[in-house]
Each structure stands twice: as structure tokens, then as C-alpha cells.
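Hi,

Here is the structure I promised to pass on. Have a look at it first, and then read on for what I found in it.

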Amino acid sequence: MVQAKQQVGLCQSCFHLSAEPLCNICRHPQRDSLTLCVVADSRDVIALEKTREYIGKYHVLGGTISPMDGIGPEQLNIQSLVTRVGTQQITEVIIAISPTIEGETTTLYLGRLLKPLTKVTRIAFGLPMGGDLEYADEVTLARALEGRREFD
Ligand SMILES: [Zn+2]
């Protein structure tokens, strides 16, 4: 029997890849800790960091909601996100998830879940449906971040 997968090498706060209990971004004293950017994957954190536009912190879900693959909200780092938003006086949650079918499902789910708690925005993708955030170039991503819109 294979042992359950442990979250070794992940930041305890945001679940980004990290050798330390808290990643470089979470430990950074100059980052805005009241803004959270929610992404599916650590690769998306790396892509967004390349833009140098974003100074807040992140929350890595570890995937997207995909009922076909048996991935529901419970399999993702969503409960910890709700806890962070509820206890850290987060003033804005920016959802930056690739606009695939699973990504949209996840974005809508999170929007509904978090809207009663704080301001929720989603980045404005200039990407076609199915476009992948991690392959977007820096200028496109920076523009998408800048053009984020409040959830309705
Ligand atoms: Zn972190």
C-alpha cells in the first residue's frame, strides 16, 4: 500500500513549492499580505512572478475542480483559503485560474464562496477559452492582472 501523499516541500501557508515551512513570498516583509492571488498550480505563481506586477501573496489550490477526475473542492486547498480570508483580514482575493472548463468551474465556485467574506476579482484574460495561464507571456499576464474585474 502506497502511503498517502504528503505535502512535503510546500509552503504551509500558500502551498507554493518551498523547502522551508514558509515560502520566500510568504516570508517577504515588503509583500502586501492583505491581497491574495488564487492560482491552480505553483507554475502559475512562477508565471505571475515574472510579470513583476503583483506584490501581494498567493494561495495555490493544487489543481482545479474536475468532477470527471473525481476532484471536488475537498481535494483542493480551498478550506485553508477560506480560513486565511476569514482570519487574515484579506481585502482582496484575485482569482487567476486558466479559462478552461475546469478553471471556470473553479473560478465560479470560489467567487460564490468568497464573495460574502471579501472583495473578489478575477483577472481579465485576453486568452482564448482553453488558454493556459502558465504559457501566457509576461505582458499578457500583467495586462490581465491590471484589467481584473470584480465578481458579479
Ligand atoms: Zn507561501
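Before the details, one term: I call two residues in contact if their C-beta atoms, placed from the backbone, lie within 7 Å. Please keep in mind that this is a predicted model, in which local features need pLDDT of at least 70 and side-chain atom pairs count only at pLDDT 80 or more, while totals for chains, interfaces and linings use all residues. Residues are numbered from 1 along each chain as its sequence is written.

Let me start with Cys-37. Leaving out residues up to four places away in sequence, Cys-37 touches Leu-48, Tyr-54, Gly-56, Tyr-58, Ile-94 and Ala-96. Cys-37 is also among the residues with the most contacts inside the largest nonpolar core, together with Val-38, Val-39, Tyr-58, Val-93, Ile-95 and Ala-96; this core has 37 residues. By nonpolar core I mean a set of buried Ala, Val, Leu, Ile, Met, Phe, Trp, Tyr and Cys residues joined through C-beta atoms within 7 Å. Buried stands for 20 or more other C-beta atoms within 10 Å of a residue's own, exposed for 12 or fewer, and partly exposed for anything in between, again with C-beta atoms placed from the backbone. At least two core residues come from each of strand 1 (32-39), helix 2 (42-51), strand 2 (56-60), helix 3 (79-87), strand 3 (92-95), helix 4 (101-114) and helix 5 (138-146). Strand 1 gives the most, with 4 residues. Helices (H or I, at least four residues) and strands (E, at least two) are DSSP runs numbered from the N terminus.

Strands count as paired if DSSP finds at least two bridges between them. Strand 1 and strand 3 pair in the parallel sense over 4 bridges, and Val-38 stands opposite Ile-95 of strand 3.

How do helix 2 and helix 5 cross? Their axes come within 8 Å, at roughly 90°, which means helix 2 is roughly perpendicular to helix 5. Axes here are lines fitted to C-alpha atoms, for helices over the stretch in contact, with angles from 0 to 180 degrees between N-to-C directions. Angles under 35 degrees count as roughly parallel, over 145 as roughly antiparallel, 65 to 115 as roughly perpendicular and the rest as oblique. Ala-47, Leu-48, Lys-50 and Thr-51 of helix 2 meet Glu-138, Leu-141, Ala-142 and Leu-145 of helix 5. Helix 2 has Ser-42, Asp-44, Val-45, Ala-47 and Leu-48 as its buried residues, and these pack against strand 1, strand 2 and helix 5.

Glu-134, in the loop between strand 4 (119-122) and helix 5, touches Arg-43, Asp-44 and Ala-47, not counting residues up to four places away in sequence. Glu-134 is partly exposed, with 16 C-beta neighbours inside 10 Å.

Finally, two backbone points to look at. Arg-52, in the loop between helix 2 and strand 2, has a positive phi of about 55° although it is not a glycine; Arg-52 is exposed, with 9 other C-beta atoms within 10 Å. Phe-15, in the segment before helix 1 (24-27), has a positive phi of about 70°, but Phe-15 is buried, with 23 C-beta neighbours inside 10 Å.

Best wishes
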